[in-house]
Amino acid sequence: MGHDDRYDGYEQLSFTRHDNGVLLITMDRPEKYNATDEGMHGELARVWRDVSDDPQTRVAVITGAGKAFSAGGDLAMVERLAGDHDRVAHMLSEMSDIVYGITNCEKPVISAINGVAVGAGTVVGLLADISIVAEDAKIGDGHVKLGVAAGDHAAIIWPLLAGMAKSRYYLLTGEMVDGAEAERIGLVSKAVPRAEVLTEAMRVAQVLATGSQMAIRWTKRSLNSWIRQAGPIFDQSAAYEMLCFMAPDVVEGYTALREKREPQFPSAQ
């Protein structure tokens, strides 16, 4: 890509420029299935401001390197967060930056969900203006299975996309949904065979990149007022999630995940 130092500081996101101002952003920790640690979480929190301010970019497409889109929060990060008020407060701030960053980014954002999407990956995947998902990709919000409230995006966007009944079902149970079903319930824009996900996302990106820029950006801005209007719902859910990180259930949650067993939450004993 032509040199642009605004993206030089990123270590876990990689950037390639394509025709007509399409910027492809890749979450690039394939050895960890692009799981989000503190580094990647911080980069996902600030990249949307850079994209919004980048005069060379008209549309951003975000995908994952390798087989996964993003396999959730890195367990080691979850462990470091538990009971650590300063880390939790910092995470709360970054969570807001991700949600409001994508929502308020002047440029349209397309997610190419090429594989499993959990945790922060789901946030980016579903808050993108257009989401293209592999039919067999698993998408989920496993917060309750970890012992924390569904906070980082679910309460603000799932009901807008899929309605209340489906949102309550998946967010209260923590069950995963595959791409084909996600499309059926309206959680994503379009489901296609896995091999076609990035191709289709880039095709849609070219449609947006070669259309009327102000018309498209202002349409995004208007539509996303639905999300901004629900801001207090997100703020509340995020605070509740972080509050749960100060409680005992999350310790049992990550321990059970690490030991690949069902959790025995203290609050359920």
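Modeller: Before we look at single residues, one definition is needed: a residue counts as exposed when its relative accessible area is over 50%, as buried when it is under 20%, and as partly exposed in between. Please keep in mind, too, that this is a predicted model.

Colleague: Then let me try that cut-off on an example: is D5 buried or exposed?

Modeller: D5 is exposed, because its relative accessible area is 57%. This residue lies in the segment before β1, and its C-alpha is 31 Å from that of R228, a residue 223 places away in sequence. E11 has its place in the segment before β1 as well, and with a relative accessible area of 71% it is also exposed. From E11 to M40 the C-alpha distance is 8.0 Å, although 29 residues separate the two in sequence.

Colleague: Let me turn to the chain as a whole. How many helices and strands does the chain have?

Modeller: The secondary structure comes to 12 helices and 10 strands. The C-alpha trace spans about 60 × 40 × 35 Å along its principal axes.

Colleague: Why does a radius of gyration of 18 Å agree with a compact globule?

Modeller: The general idea is to set the value beside what a compact globule with this number of residues would have: for 269 residues that is near 18 Å, and the chain has 18 Å, so the two agree. Of the contacts between residues at least 6 apart in sequence, 73% join residues that are at least 24 apart.

Colleague: Which residues have the most contacts inside the largest nonpolar core?

Modeller: That core has 78 residues, and those with the most contacts inside it are L13, I25, W48, V61, I62, I110 and F245. Take F245 as a case: once its neighbours within four places in sequence are left aside, F245 is in contact with V78, L81, A82, G83, V88, L146, V148 and V250.

Colleague: V250 brings me to helix α12. Which of its residues are buried, and against which helices do they pack?

Modeller: Helix α12 covers residues 249-258, and D249, V250, E252, G253, Y254 and A256 are buried in it. The buried residues of α12 pack against α2 (75-81), α5 (143-146) and α11 (231-244).

Colleague: Why is helix α4 described as largely enclosed?

Modeller: The idea is to count buried residues along the helix: in α4, residues 120-127, eight of the eight are buried, so the helix is largely enclosed by the rest of the structure. The buried residues run from A120, G121, T122 and V123 to V124, G125, L126 and L127.

Colleague: Finally, what is the value of phi at N20, and where is N20 found?

Modeller: Most residues other than glycine have a negative phi. N20, however, has a positive phi near 60°, and it is found in the loop between β1 (13-18) and β2 (22-27). Y33 has a positive phi near 55°, and its place is in the loop between β2 and α1. Both belong to the middle class of accessibility, for N20 is partly exposed at 37% and Y33 is partly exposed at 49%. K260, which follows α12, has a positive phi near 55° too.

Definitions and conventions. Residues are numbered from 1 along each chain as its sequence is written. This is a predicted model: local features need pLDDT of at least 70, side-chain atom pairs count only at pLDDT 80 or more; totals for chains, interfaces and linings use all residues. Side-chain values use heavy atoms; hydrogens and water are left out. A nonpolar core is a set of buried Ala, Val, Leu, Ile, Met, Phe, Trp, Tyr and Cys residues joined through side-chain atoms within 4.5 Å. Buried means under 20% relative accessible area, exposed over 50%, partly exposed in between (1.4 Å probe, protein chains only). Contact means heavy atoms within 4.5 Å. Helices (H or I, at least four residues) and strands (E, at least two) are DSSP runs, numbered from the N terminus. The radius of gyration is taken over C-alpha atoms; the globule rule is 2.2 Å times the number of residues to the power 0.38.
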